There are 2 protein chains.
Amino acid sequence: MSSLRSLRPLISCRRFSQPLIKRLALPNLSEARTTSSWMTRWNSTVTQDPMTGELTSLPDIEVSRLEITETNSPKQPPASSSLVFGHTFTDHMLAIPWSAVSGWGAPKIRPYAPLALAPSATVFHYAQALFEGLKAYRDSTGRITLFRPDMNMKRMNTSAARVALPTFNGDAVIELVKRLIRLDKHWIPDLPGYSLYIRPTLIGTQAALGIAPPSEALLFVICSPVGPYYPQGFKPVALYATTEYTRAAPGGIGAYKLAANYAPGVVAQKEAAKKGYVQNLWLHGPEHYITEVGTMNAFLALKHPDGVTELVCPPLDGLILPGVTRDSVLNLARDHASGKTLLEGLPESGKFVVNERPVTMGEVKQAAEDGRLVEFFGTGTAAVISPVNRIGYLGEDIQIPTGPDGMGPVSRPIWKQLVGIQVGSIPSPWSVVV
Amino acid sequence: MSSLRSLRPLISCRRFSQPLIKRLALPNLSEARTTSSWMTRWNSTVTQDPMTGELTSLPDIEVSRLEITETNSPKQPPASSSLVFGHTFTDHMLAIPWSAVSGWGAPKIRPYAPLALAPSATVFHYAQALFEGLKAYRDSTGRITLFRPDMNMKRMNTSAARVALPTFNGDAVIELVKRLIRLDKHWIPDLPGYSLYIRPTLIGTQAALGIAPPSEALLFVICSPVGPYYPQGFKPVALYATTEYTRAAPGGIGAYKLAANYAPGVVAQKEAAKKGYVQNLWLHGPEHYITEVGTMNAFLALKHPDGVTELVCPPLDGLILPGVTRDSVLNLARDHASGKTLLEGLPESGKFVVNERPVTMGEVKQAAEDGRLVEFFGTGTAAVISPVNRIGYLGEDIQIPTGPDGMGPVSRPIWKQLVGIQVGSIPSPWSVVV
């Protein structure tokens, strides 16, 4: 994938035709498991100019240009027990400037410090902003790993293209993130369930108003030590099936990890909380298709009359974020269903199927009434799996069974396998050593 | 509207019930023309805490607390002929900090300078950002006026409530903006068609990650001298009726001037440009309802078989921004239709009707084929009125008549009246003296 020729049909805007847009909207991130897919431009210095959509030979992000300035005043990491998600940041950050004139500049690892941006910077006015979230884990041997960081880099590039921010070599950023983590690795708490949350972010920094591709941008990465999402074991949550607000729509941005997807959900979450629910269950259309759970992907399990258990996940139809945890859960469940890697506790191969398919609230409600709704859960980087025990829908509550540990019979074995891989106790190509 | 009692039913979140949400989504800004409506909290120090939704007695924005620091190095305003929209800013800016603990702080007018924000500031990650745009005009006597600034402040508060940013006393901000303009009034070019573009902005500045109402925010206002949108007379534009992307959806944020509405439109505009069109005509639903034109409101005029000319504007159904120019055009057109204020050149009273109603592309296409499509135009602060001469729709071009001056017979008299009011040659309560 290093030649201009192989890139042109995929990322030149001359051929940015509708079928390709649809492919951009629905990236099959799971392909990246075994192949180097098109969104990560390995060792390429060819970039797409968001001003013109044309390929250019402006510099891509180059690890060899990294400049490191270490802090003179390192902070003392706080007691792990006092950590609140996203409130504490490590000593250093990574910053990589981009301009339409000179391409990606030299990456800099420097002391964590405020950004100075013109009040006219486009990020403040037009939400030219996107982010990723992933975690670095320290295993029992002290080894530090990232979980499928290539997936985050692919999605970050997909998000960038959706709002005309510059794309970049995802591999180079993974390597730079590793350098950053190595510098701040003493910030990863040495306790089970703790990790370092990594937040890559890309913003438009053009200092002039105007709704257009920005002439300048900044990619930066910050790191925050975090504790377990459920320090006292799983706590199932109640969802409010929301009919007053929507998270995404066809032709919109629901499939991208853009900043613009998040602020509008806060009021809806507040209103759900006032009604006694923890999060929104986002629906679509008059059929009330299930799309997402708060800021997580949605899963449910049904027991059919023939005895087969079906794990259902709404498909990547353009409304749904292609979550890394979502993809991992689907992969592990499918590997079990196909007999490739059996997970203890899941129904035996012939009695377990996995489907990405549309599912309506009507179907969920009927299954619950018939006693066939086995479980319902959300997936995401922060919580990994978040069990649901109740859904408020059109004035009624749908009750969902959960086990004594808060989980259900399908999510439990998958969660064990997934977390085992993440923390390094189960070997997997998904673990990338820092 | 100064008592707690009168505010509670309207802005307490305890009663933030669905009907009110709908009213928030569909503000009838035109009411503000004669009455002090609910979104501007005149002389009140009661604010709504976005963390809890409750009313608090934390300080609102107070003009009396204004602190002014004048620049030591004033810039030389550039030659008017060299101005590019949004690229040049005046010597000073207004900044007002807010925190959930202490409410709105002292307003500061200070030299225009970069903002220093933590990389973790929520505006960079979750698009907690919104803005307004209005202009200050200098009339032939040297008097400086703003056009309906109360409308912008009301909408800014409506936008803030939609993303759980703090609301504020809009009158106080108008007064503070006046002080800012007086300090930088020599930046308003003394040429016909030139003005000072004012950009009030509100961003979430909480320095911790987490998708929730921010604990800190910043309201700032910057000013940019701008030239006429059409320096060589009106230039009608071609629109691409867009079926691949959507701007807004029911339950979303299309009715609010949020930053999140803008970045997602850039790629769609680029693709329209590649097809030979200037802007997107945003549609909704399988019926292809017309919603907006680029970042402007949409209008069209139809001649009916009975000889009546109908000015049509899509209604504020939650998908459409309640534009100040939109509202002004509707008011002027209705005043003519009712005989209150006749505009020379428009069809006589009984032969002219104004309707806010849904209109589909099918209706537009049929009217064009029947020779009944009189004109089509966009309205917005920047261009005031932007005539359209062609719409690409499902592979065909719909041609729209325009006069030798680029305008149509309905928009021309309305534009003359509106611009006359804006620049001060026609007296109107809409003009607010700085």
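Guide: Let's start at A:K257, which is buried at a relative accessible area of 11%; buried means under 20%, exposed over 50% and partly exposed in between, using a 1.4 Å probe on protein chains only. Bear in mind that this is a predicted model, where local features need pLDDT of at least 70, side-chain atom pairs count only at pLDDT 80 or more, and totals for chains, interfaces and linings use all residues. Residues are numbered from 1 along each chain as its sequence is written, chains are lettered from A and ligands numbered from 1 in the order written, and side-chain values use heavy atoms, with hydrogens and water left out.

Visitor: Which annotation covers A:K257?

Guide: UniProt positions follow the numbering used here, with shortened feature names, and annotations may be inferred rather than shown by experiment. An unreviewed UniProt entry gives "modified residue: N6-(pyridoxal phosphate)lysine" for A:K257.

Visitor: Where in chain A is A:K257, and what does A:K257 touch?

Guide: Helices (H or I, at least four residues) and strands (E, at least two) are DSSP runs, numbered from the N terminus. A:K257 sits in the loop between β13 (237-242) and α6 (265-274) of chain A. Contact means heavy atoms within 4.5 Å. Leaving out residues up to four places away in sequence, A:K257 touches A:L130, A:F131, A:E132, A:G133, A:R155, A:S159, A:Y262 and A:L321.

Visitor: How many residues of α6(A) are buried?

Guide: In α6(A), 7 of its 10 residues are buried, among them A:V266, A:V267 and A:K270. After α6(A) comes A:G276, with a positive phi near 95°.
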